[in-house]
Amino acid sequence: QKQPEEIAKLTQYLEKKNQTLEVRIVELGQTVREQFKEAISKHEGIEKKLQYLQKQPEEFAKLTTDCLNQYLAKTKNDHDILVNILEPIQKEALERERIKQEKLKKEEEERIEKERLQKKKEEELRLQKKREEELRLQKQKEEELRLQKQKEEEIRLQ
């Protein structure tokens, strides 16, 4: 018993939705037709103006020149505005880049100086080892000489 009532309600609901959609489709179709007519009339108006201007080359040239001048004035104004906005940003970016380059240069100089000092230390250490080795060899020779003299003295005394 409940099912036929529910089916009837659903059918009624769907019929209302269908009617609403049909009305909406008709409205949309009317809107599209109106917009299409408007576009055609604009196009025809533009075509008529173009035909008129083609028959009047001086007026066409004047209109074209006026349009160009307006465009150039607007473009120059836009350019000036952009320059005023971008110039400080560009200066700041250049300053940051300059500082960054100076920092990199200073770091490179410090690295080179560290390497130079390290090489100098290594060279000093090498020279010190060489002097120590020469000193050791000299002491060894002196000791050998002393021993040899001592032997010679012992032999002479015998």
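Q: Where in this predicted model is I85 found?
A: In this predicted model, I85 is found in helix α2, which covers residues 57-157.

Q: Why is I85 called partly exposed?
A: The relative accessible area of I85 is 48%. Buried means under 20% and exposed means over 50%, with partly exposed in between. The value for I85 falls between these limits, and therefore I85 is called partly exposed.

Q: What makes the nonpolar surface patch that includes I85?
A: The patch of about 460 Å² is made by I81, L82, I85, L86 and I89. A patch residue needs over 30% relative accessible area; I85, with 48%, therefore passes this cut-off.

Q: Why is F60 called partly exposed?
A: F60, which lies in helix α2, has a relative accessible area of 37%. Because this value lies between 20% and 50%, F60 is called partly exposed.

Q: How far apart are F60 and L50?
A: F60 and L50 are ten residues apart in sequence, and their C-alpha atoms are 8.7 Å apart in space.

Q: How do the radius of gyration of the protein and that of a compact globule of 158 residues compare?
A: The globule would have a radius of gyration near 15 Å, but the protein has 51 Å. The C-alpha trace spans about 145 × 85 × 25 Å along its principal axes.

Q: What share of the residues in the protein is buried?
A: Buried residues make up 1% of the 158 residues. The protein exposes about 15900 Å², of which carbon and sulfur atoms supply 58%.

Q: What does the secondary structure of the protein come to?
A: The protein has two helices and zero strands.

Technical notes:
Residues are numbered from 1 along each chain as its sequence is written. This is a predicted model: local features need pLDDT of at least 70, side-chain atom pairs count only at pLDDT 80 or more; totals for chains, interfaces and linings use all residues. Side-chain values use heavy atoms; hydrogens and water are left out. Patches are made of residues with over 30% relative accessible area and no salt bridge: like charges are joined within 9 Å, nonpolar side chains (Val, Leu, Ile, Met, Phe, Trp, Tyr) within 5 Å. Accessible areas come from the Shrake-Rupley method with a 1.4 Å probe; for residues, only the protein chains shown count as cover. A salt bridge is a side-chain nitrogen of Lys or Arg within 4 Å of a carboxyl oxygen of Asp or Glu. Helices (H or I, at least four residues) and strands (E, at least two) are DSSP runs, numbered from the N terminus. Buried means under 20% relative accessible area, exposed over 50%, partly exposed in between (1.4 Å probe, protein chains only). The radius of gyration is taken over C-alpha atoms; the globule rule is 2.2 Å times the number of residues to the power 0.38.
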